[in-house]
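Have the sequence and the 3D view ready.

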Amino acid sequence: MPRSPCSAPPADRRSLDSLARRRVLARLAGTGGLIAAATFAAPACAQWKAVDDPFTLGVASGDPAPDGFVIWTRLAPQPLGGGMPPQRVAVEWLIAEDEAMSRVVRRGSASAEPELGHSVHVEVEGLLPERWYWYRFIAGGAASPVGRARTAPAVGAPVAALRFAYVSCQNFEHGHYAGYLRLAEEELDLVVHLGDYIYENSSAAEMPRRHDTGKEPVTLAEYRDRHAWYKTDASLRLAHQRFTWAVTWDDHEVENDYAADQSENRDDPKWFLERRAAAYQAYYEHLPLRRASLPRGPDLLLYRRLAFGDLATFHLLDNRQYRSDQVCGEGRRGGGNVVEKCSARLDPALTMWGATQEQWLDDGLRASRARWNVLAQSLMMGQFRARNAAGNDVHWTDGWDGYAHARSRFLQRIAEIRVSNPVSIGGDIHSYWANELKPDFDDERSPVVATEFVGTSMSSRGTAYASTVKALPLNPHVKFFESRLRGYVRCEVTPARWRTAFRAVERATDPRSPVRTLAAFSVENGRPQLLID
Ligand code: FE
Ligand code: CA
């Protein structure tokens, strides 16, 4: 049988990359920094011709380093099902110094493989720090939209200011992404996503718009479709195209309230890990993650660090993959519960991060020379006490309150090792919060050791307003709360001061709604107490 070049056995990806890199360097040496049109190694399937636009899911960049970032796309002429032939396809990529792509400084060829849903993740290197670049992909004769990406400042370099925004919880069914449209108009160096990028569950009620199907995804093909469906939103694609992102996840990327191998439905853990593997792989395939996060079976290494010179280091944390099962769930549903008299919350054996990640964080905080240490994680870290009709305190076990000892152990630790300006950013609960973090929230003499800003959801419906407000007097460390508005959070960080602006869209039902600053706060260098602007 004649053999098509498109079905050649896959070569080792790393050797292709290094070969391409060597050729780029050789070419650079000969042209004084500019590269003429050239062909590179590894044409996977040059014969494939795009009939329809294969870039329907857009482009993205992520995880900035001083010398580069990762650029992403996924070939999918049809968002649902992909619409690609089951073969490898060669994808050319270009990096330029200008939006018109006329001054190309790097280029190469990658292979989009059917095993990874024809996604492409290129780790671009050799760029200059603290610069904007533009990039584009070409496949099957079709060119992608031009994306914009920014490198981080040089290691340890003095940085005068960093502007970033963070988002979370973008349930497609609950509303539109006016927040992304307005975020795309901001001047930012980075966007951070703190989880619930997709939702696996759908609502039976009337909704502004619908998922691709009302059935929960379980297989890889189904999770791929869900991610692709979210990317059909033009405002989400625009926000990816304009900025370099850093992402971490929460529960809904797999299943509501899951904990490691424990599903909310109490499924067989062996079966659930297969579902998790499918969900994790689809997550990797749709986001600009580095090779270090390539899924391995049911595992995906997501916790990592990003540094912005001497000014800020982001410690991106994984609150789901390694955590203990939620406590006090006996006789109740799996996942989180509102519980009273649950002393198991205080069990020192409980972990949110797992021993390895906790040690990694401890090591990284001790070694950090950054002025600001950002704890980027999916949940609200501050305690929230409410009181039930019987007058007893109640807590929600899926959040940090269900892991109270692990939390106070961590907050004590950052005080002990004198972490420079720890600031936690979180999401999950679809509401804005500004909190002061203490090792013991029930002791008014317990010192404030860190500051926390929880961002509201991009679109997911807000948590109960009136009952939460009623409980605020039990939570004096909470300085601000609002759950009725959707949006994002913008931060401006300088050596002397951190400024947070809660940005809220006026009408969540309007995809083009304007945005305004609902409230603004400051934190001064060396003082974790919140200042209200
Ligand atoms: Fe959520
Ligand atoms: Ca969540």
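At 0% relative accessibility, Cys-491 counts as buried (buried means under 20% relative accessible area, exposed over 50%, and partly exposed in between, with a 1.4 Å probe and protein chains only). Cys-169 is buried too, with a relative accessible area of 0%. Cys-491 is in no disulfide, and the nearest cysteine sulfur, that of Cys-169, sits 17 Å away.

A quick note on the model: it is predicted, so local features need pLDDT of at least 70 and side-chain atom pairs count only at pLDDT 80 or more, while totals for chains, interfaces and linings use all residues. Residues are numbered from 1 along each chain as its sequence is written, chains are lettered from A and ligands numbered from 1 in the order written, and side-chain values use heavy atoms, leaving out hydrogens and water.

## The disulfide

Searching the whole structure turns up one disulfide (a pair of cysteine sulfur atoms within 2.5 Å). Cys-328 and Cys-342 form it, with their sulfur atoms 1.9 Å apart. Both Cys-328 and Cys-342 are buried.

## Two nonpolar cores

The largest nonpolar core has 39 residues, and Tyr-180, Leu-183 and Trp-245 have the most contacts inside it. (Such a core is a set of buried Ala, Val, Leu, Ile, Met, Phe, Trp, Tyr and Cys residues joined through side-chain atoms within 4.5 Å.) Apart from it lies another core, of 34 residues, including Phe-308 and Trp-498.
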